[in-house]
Protein chains: 2
Amino acid sequence: MKKNSLRGVVLVISSPSGAGKTTICKKILEEVNGINLSVSVTTRKKRKDEVEGVDYFFKNDEEFILMIKNDEFIENAKVFGNYYGTLKEEVLKKIKNGVDVLVDIDWQGTRQIQKHIPEDIVKIFILPPSIKELECRLRNRASENEEDFLKRMLEARKEISHFDEYDFIIINENINEAVSSVKSILYSERQRKSRHLGIIDFVNKLI
Amino acid sequence: MKKNSLRGVVLVISSPSGAGKTTICKKILEEVNGINLSVSVTTRKKRKDEVEGVDYFFKNDEEFILMIKNDEFIENAKVFGNYYGTLKEEVLKKIKNGVDVLVDIDWQGTRQIQKHIPEDIVKIFILPPSIKELECRLRNRASENEEDFLKRMLEARKEISHFDEYDFIIINENINEAVSSVKSILYSERQRKSRHLGIIDFVNKLI
């Protein structure tokens, strides 16, 4: 069985901010072959160094809303006045070609993806090792504004309360171990029976 | 989360003979911490070097049949006139203590275990890379008796026809890659939400 006869998996990773998700995703993309991010659609302004179709597909509000109506997204959200969305066609094309797709998204986006492609999604939730550690990390990010810090803590707690909607839980005590756990989950899912597209033909030849 | 707050998994590995299952199981037991075989019960005669309670629990036919009646096994079978069985209590004690249990068994035993502990079983099927390779390996084992070879091929085909009852399929083209795939599946299952026994308390402390 060659890699190209496997169906890819959509690996969704969620966590409260401060749990190390961004670092984990970066390392997975660097260290694992055959997985990449999907190119999102956004209505926010293109920055100088960004390339259309590589960093994002850039659309205006009208175009984006039409795409929502046409059911072109497996998830979309409005963040600070700008729309962001993940294209269904983009993701399906990749997994059909045996490429895994990494999606770094919150619980609301995860729910939307779950509705669209329940058979292809594998959901991982990253937790911080303790409340003390989470507070420490968020305090560092919030500079010296107590109100900002409290807002971040509230957001984090809200995100954590949805851990039960995920398949796998990784407690990030050590970044290398956490990355290694994500890799195991991905490598394991690649062996799942439903991913082996040609398996029935293969077995028929055997028996 | 310490290892002892995880619930163990019962990792069942099946395959036709000649697909490399025995070698794979041996390597898993040697190379992975926290997994071992369950001690089976048998009615066959104790060999000189075998230790009661370590290699097997030795019983007579009457005792064994009573144990079947008392529903003490998660699987049992009669092979060449002797009974063999896996103790439910033995397996449940291990997984409650966070120890994984490796079970090397055919599709019939797998079905029995599936019935008894559906929440704790993870099922892997190992396939040979090709019919040619399978024939070659079985011909080597069958010495020069054509009838014996044909019987083994028939048995192998029968076993393979049940591949669809398993969660994961590994095509054993390379023994090290196959072992590595089994390890990934095990490490992945250890992160599954349902294995984290203390997760609700842990999350409640976080939020």
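This is a predicted model: local features need pLDDT of at least 70, side-chain atom pairs count only at pLDDT 80 or more; totals for chains, interfaces and linings use all residues.
View 1. On the chain A side, 36 residues are in contact with 36 residues of chain B. Together the two chains bury about 3,100 Å², with 65% of that on carbon and sulfur atoms. If you want residues to look for, start with A:Gln191, A:Lys193 and A:Leu206: they supply 21% of the area that chain A buries against chain B, more than any other three residues.

**View 2. Polar links across the interface of chain A and chain B.** The rule picks up two salt bridges between the chains. In this close-up, A:Lys193 pairs with B:Asp164, and their closest N and O atoms sit 3.5 Å apart. As for what chain A brings along, helix H6 (146–160), strand E9 (168–171), helix H7 (175–189) and helix H8 (199–206) each supply at least two residues of the side that touches chain B. Sorted by class, that side of chain A has 20 nonpolar, seven polar and nine charged residues.

**View 3. A:Asp120 and its partner A:Arg195.** Zooming out for a moment, the structure holds 31 salt bridges over all chains. The one shown here joins A:Asp120 to A:Arg195, with 3.2 Å between the closest N and O atoms. The two come from distant parts of the chain: A:Asp120 is in the loop between helix H4 (107–116) and strand E8 (121–127) of chain A, while A:Arg195 is in the loop between H7 and H8, 75 residues apart. Both A:Asp120 and A:Arg195 are buried.

**View 4. B:Asp120 with B:Arg7.** Over in chain B, the pictured salt bridge runs from B:Asp120 to B:Arg7, and the closest N and O atoms are 2.8 Å apart. Here too distant parts of the chain are linked: B:Asp120 belongs to the loop between helix H4 (107–116) and strand E8 (121–127) of chain B, B:Arg7 to the segment before strand E1 (10–14), and 113 residues separate them. B:Asp120 counts as buried because its relative accessibility is 6%, below the 20% cut-off.

View 5. B:Lys94 and B:Glu90 are both buried. For a salt-bridge set in chain A, look at A:Arg7, A:Asp120 and A:Arg195, which are joined into one network through shared partners.

**View 6. Stacked rings of A:Phe64 and A:Tyr83.** Over all chains, a search of the whole structure turns up ten aromatic pairs. In this one, the rings of A:Phe64 and A:Tyr83 are stacked, 4.9 Å centre to centre with 20° between the planes. A:Phe64 lies in helix H2 (residues 61–69) and A:Tyr83 in strand E6 (residues 82–87) of chain A, so the pair ties together parts that are 19 residues apart in sequence. A:Phe64 and A:Tyr83 are both buried.

**View 7. Stacked rings of B:Phe64 and B:Tyr83.** In chain B, B:Phe64 and B:Tyr83 form a stacked pair, at 4.9 Å centre to centre and 20° between the planes. B:Phe64 sits in helix H2 (residues 61–69) and B:Tyr83 in strand E6 (residues 82–87) of chain B, 19 residues apart. How buried are the two? B:Phe64 has a relative accessible area of 0%, and B:Tyr83 comes in at 14%, so each counts as buried.

**View 8. An aromatic cluster in chain A.** A:Tyr56, A:Phe58 and A:Tyr84 make up one aromatic cluster.

**View 9. The surroundings of B:Asp100.** B:Asp100 lies in strand E7 (residues 100–104) of chain B. With 0% relative accessibility, B:Asp100 counts as buried. Its side chain makes a polar contact with the side chain of B:Arg190, at 2.6 Å. Setting aside neighbours within four places in sequence, B:Asp100 is in contact with B:Gly8, B:Val9, B:Gly34, B:Ile35, B:Asn36, B:Leu186 and B:Arg190.

Note on methods. Residues are numbered from 1 along each chain as its sequence is written. Chains are lettered from A and ligands numbered from 1 in the order in which they are written. Side-chain values use heavy atoms; hydrogens and water are left out. Contact means heavy atoms within 4.5 Å. Buried area is the accessible area (1.4 Å probe) that two parts lose on being put together, summed over both. A salt bridge is a side-chain nitrogen of Lys or Arg within 4 Å of a carboxyl oxygen of Asp or Glu. A polar contact is a pair of N or O atoms within 3.5 Å; within protein, one must be able to donate a hydrogen and the other to accept it, and residues adjacent in sequence count only if both atoms are side-chain atoms. Helices (H or I, at least four residues) and strands (E, at least two) are DSSP runs, numbered from the N terminus. Ala, Val, Leu, Ile, Met, Phe, Trp, Tyr, Cys and Pro count as nonpolar, Asp, Glu, Lys and Arg as charged, and the others, Gly among them, as polar. Buried means under 20% relative accessible area, exposed over 50%, partly exposed in between (1.4 Å probe, protein chains only). Rings of Phe, Tyr and Trp (its six-membered ring) pair if their centres lie within 6.5 Å; planes under 30 degrees apart count as stacked, over 60 as edge-to-face and the rest as tilted.
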